[in-house]
Amino acid sequence: MMGGIGENAVKACSFLPGATDMIQRMGLAEQLVGVTFECRSDKPKVVRSVLEGRRMGSGEIDRTVKEHARTNTPLYYIDIELLRELAPDVIFTQHVCNVCQIGTAYVEQAIRELDKRPKLVPLVPQTFEDVLDNAMTIAGELGAPEAGVRHVEEVRERLRRLSGRLSGTVPVRVVFIEWLDPVYNSGHWIPDMIRLAGGIDLLGVPGGYSGPVDWQDVVGADPDVIVAAPCGLSLEQAFRDMRSLAQRPGWETLRAVRENRVFLLDPDLFTCPSTALADGVELLAGLFHPERIALPASLVGKRRVWQPDPSARGKS
């Protein structure tokens with residue numbers, strides 16, 4: 001299980017998919033010994049969830065999360081015996097959102113049972129720049145700071161090239177929806193991403209928490225583009241849940257709806273704080289400014305254009 005890790009190399013567990021993704025992108029995956037059930041990795045799954053494997057819509061997930069909060073019952077749990085066997089030197093955790101991923105406080109309590117207590121490194125990104133800083137932190141903790149410097153510079157160069165291609169464009173007015181039922185605006189690093197892609201987030205909270213918004217605020221904003229990327233949902237699930245959103249008063253009058261500029265996007269490129277956010281920026285830029293930015297083939301499958309069911313029109 002530990003084969004391939006040098007005798008003096010730092011062994012790490014990543015308890016958030018964003019950290020796992022950056023470790024892999026920086027070429028440090030051999031030092032990773034354990035991950036969460038949501039990570040795209042073949043390493044042992046140390047963190048599990050009561051939501052794992054359940055097909056639920058936005059509303060049902062929201063009700064389940066609220067019920068667990070009311071009863072103070074965790075959504076996530078640690079396989080402590082597996083963690084004991086893996087014996088990591090460091091664990092990357094987070095306390096940005098205890099709904100999205102397991103929180104640092106829970107991990108702190110769990111590792112008290114271990115004879116060898118790993119170092120906990122909480123990652124708390126609020127902005128896009130913070131995410132890049134997190135990549136540097138991870139690389140440093142794994143004893144490979146040069147890998148972090150190299151990777152972050154590659155991301156910055158991509159964004160510099162994109163900025164040059166967007167020079168002189170008029171910013172597109174955007175409403176970004178992080179959850180569908182109830183409707184949530186965007187927060188943290190997503191407004192930064194929209195800005196980098198040549199847009200203005202009309203209802204977002206840069207560097208802050210997303211939260212429920214009144215539907216009339218969306219109608220009043222009347223954006224040029226509506227983007228929905230509900231955290232944790234597949235494009236197919238999001239598409240199903242969009243049907244109820246499209247029944248709300250004023251939907252058909254929105255400029256974005258009339259001009260066929262309502263998009264459902266892969267949430268992993270937006271809600272998961274990894275340097276893969278640069279892919280999300282490029283995807284947004286291609287949707288906001290198609291006359292300047294052609295979508296790379298690798299990103300075409302990461303988006304769907306909202307097309308309502310014609311048979312649903314006129315139904316109450």
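## Salt bridges in a predicted model

Glutamate 282 forms a salt bridge with arginine 158, and their closest N and O atoms are 2.8 Å apart; a salt bridge here is a side-chain nitrogen of Lys or Arg within 4 Å of a carboxyl oxygen of Asp or Glu. Glutamate 282 lies in helix α11 (residues 277–288) and arginine 158 in helix α6 (residues 145–166), so the pair ties together parts that are 124 residues apart in sequence. Helices (H or I, at least four residues) and strands (E, at least two) are DSSP runs, numbered from the N terminus.

This is a predicted model, in which local features need pLDDT of at least 70 and side-chain atom pairs count only at pLDDT 80 or more, while totals for chains, interfaces and linings use all residues. Residues are numbered from 1 along each chain as its sequence is written, and side-chain values use heavy atoms, with hydrogens and water left out.

The structure holds 17 salt bridges, and a network of them links Asp21, Arg25, Arg158, Asp279 and Glu282. Aspartate 224 and arginine 173 also meet through their side chains in a salt bridge (3.8 Å, N to O). This pair links distant parts of the chain, with aspartate 224 in the loop between α8 (215–221) and β13 (225–228) and arginine 173 in strand β7 (residues 172–177), 51 residues apart.

The table gives accessibility; buried means under 20% relative accessible area, exposed over 50%, and partly exposed in between (1.4 Å probe, protein chains only).

| Residue | Relative accessibility | Class |
|---|---|---|
| Glutamate 282 | 16% | buried |
| Arginine 158 | 27% | partly exposed |
| Aspartate 224 | 17% | buried |
| Arginine 173 | 30% | partly exposed |
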